[in-house]
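Welcome! Please take a moment to look over the sequence and the structure, and then we can walk through some of the contacts together.

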Amino acid sequence: MRKITFCILGTVLIFKLQAQISPANFIDTAVETAGITKIISSDLNNDGFNDIITSSTGTNGRLGFYNNLTNHTFSAFNIIEPFEFCRGIATGNFNNDNLIDFVAIGKATNEVKIFINNNGSYTTSIIDSHNMILNDVIVADFDQNNFDDIVVIGQHSIDFYRNNGNSQFNKEIILNTSTSPLVLECLDIATKDMDNDGDLDIISGETAGLVVYINNGNAIFSPNYYSITPEVYFLVHPIDIDNDGDFDIVGRNGAGKVKWFANNGNGNMTYQATLTSIPNIISLDSNDYNGDGWQDLYVSFTNNIAIFANDATHNFNTSINMYQNTGLNMGKVAIANINNDASLDYVWSGGNNALAYHLNQSVLSLDKEELNNLIIFPNPTNEILQISVQVEKLTLYNLIGEKLLENNNSNSINLSNLSNGIYILRIEKEGKSSFKKISKK
């Protein structure tokens, strides 16, 4: 049990947090949920609540979403498009209109297709097609021109689609078989600022192993190869395992082993350990499940949805089984904020007909201890958020738990480069932590 704090009427009160989750709440059990390839949480209709977006593969593949009805329930599935063999989706804002757009990959022609949101209807455009199967897609502003770009990985390529404004994309090749040192297939992809230089880099799981592509700031990427033996990586996930302020990487290789590569702070990765307690996982994400300050692993494997808890030893030997059903072959997992509080919830799919979530219902009990008049202003803000006293650390997260900004020994944080919306600010002072909901307008 760890103490955390929340700000109430200008005074920060200390609480004790004990991890507790709700039973599984099933969003959908229809046959169409079989074969889900991606789960994303995002506020599609700007009502302040995150909806659930899914893609699925197979001949009956589809792309669509479940509206969050604000009372821990969801609408029926809203199909955007039947999309056979949809192997992945990603969300972004391609035309800077503050509406969430999509990109999807799949179909028999291996399309890269964008869906521009027009307040609930979508204008579509195929920006590319491939001869080979595509495996995953991510979206971010890699060249820092304030327009979201697209990166797609496939059997023999990593392609960058540079958004030049108003959803106009130019294709640039990051890697193909002629430039790869090994027979190339790219299997999983993620993005974080790995070298702490302010731009986003790419993490890729490939037949060449674990590869980090360092961004020069203008979306020109240089590969760095880190596998210690020849091995294929099927899953990669950036996570700050050791709480040193940079992103490490957890990956699952073709032998089913889960390995930790530590970051030296400049994007150079070193193999640290094989996490032998973790089984051959299907999907993974991360969150501080038990409020002890360490990021835990949220995973699916065989018939189980589980947490593997991190601590100062980083061996992840403690497991918490969230859900088990021998009749379900588990699929994808995702972290989401479903009920619009300061806690992140847990979403998962069963490979054969289930989409469900667990609400984070951490139990709070009040301690008779206070910090002196910690005031946050202005809130809402459009630029600089001020804290009334200097604190050890300020960390800003989005509503799906991704760390966006961090300031040490400061009393302010600059939100000017972020999109309008709701964020969670974590304030650390004198060994205690406070969480505050922040609005950027």
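What follows is a short tour of charged pairs and aromatic rings in this predicted model.

Let's start with D136, which you will find in strand 12, covering residues 134-140. Is D136 buried or exposed? With a relative accessibility of 8%, D136 falls under the 20% limit and so counts as buried. K38 is buried as well.

These two residues form a salt bridge, and their closest N and O atoms are 3.1 Å apart. K38 belongs to strand 4 (residues 36-42) while D136 belongs to strand 12, so this pair ties together parts that are 98 residues apart in sequence. Other residues gather around D136 too: setting aside neighbours within four places in sequence, its contacts include I105, V151, V152, I153, D188 and I189.

As background, side chains of opposite charge can pair when their charged atoms come close. How many salt bridges does a search of the whole structure find? The search finds 10. One of them joins D28 to R62, with 3.7 Å between the closest N and O atoms. Here strand 3 (residues 25-28) holds D28 and strand 6 (residues 62-66) holds R62, so the pair ties together parts 34 residues apart in sequence. D28 has a relative accessibility of 14% and therefore counts as buried; R62, with a relative accessible area of 10%, is buried too.

E406 and K403 form another salt bridge, where the closest N and O atoms are 3.2 Å apart. E406 counts as partly exposed, because its relative accessibility is 28%. There is also a network: salt bridges with shared partners join E81, K107 and K113.

Now look at D141, in the loop between strand 12 and strand 13 (149-154).

The side chain of D141 does reach backbone atoms. One is the backbone nitrogen of N145, at 3.2 Å. Another is the backbone nitrogen of N146, which lies 2.8 Å from a polar atom of the D141 side chain. Leaving out neighbours within four places in sequence, D141 is in contact with N146, F147, D148 and D149.

F160 is part of strand 14 (residues 157-163) and F221 is part of strand 19 (residues 221-225), so the pair ties together parts that are 61 residues apart in sequence. Both F160 and F221 are buried. Elsewhere, ring pairs link F26, Y323 and W348 into a cluster.

K107, a member of the network with E81 and K113, has its charged end over the ring of F83, 4.9 Å from the ring's centre. K403, the salt-bridge partner of E406, lies over the face of F247, 5.3 Å from the ring centre.

Terms used. Residues are numbered from 1 along each chain as its sequence is written. This is a predicted model: local features need pLDDT of at least 70, side-chain atom pairs count only at pLDDT 80 or more; totals for chains, interfaces and linings use all residues. Side-chain values use heavy atoms; hydrogens and water are left out. Helices (H or I, at least four residues) and strands (E, at least two) are DSSP runs, numbered from the N terminus. Buried means under 20% relative accessible area, exposed over 50%, partly exposed in between (1.4 Å probe, protein chains only). Contact means heavy atoms within 4.5 Å. Rings of Phe, Tyr and Trp (its six-membered ring) pair if their centres lie within 6.5 Å; planes under 30 degrees apart count as stacked, over 60 as edge-to-face and the rest as tilted. A charge sits over a ring if NZ of Lys or CZ of Arg is within 6 Å of the ring centre and within 35 degrees of the ring normal. A salt bridge is a side-chain nitrogen of Lys or Arg within 4 Å of a carboxyl oxygen of Asp or Glu. A polar contact is a pair of N or O atoms within 3.5 Å; within protein, one must be able to donate a hydrogen and the other to accept it, and residues adjacent in sequence count only if both atoms are side-chain atoms.
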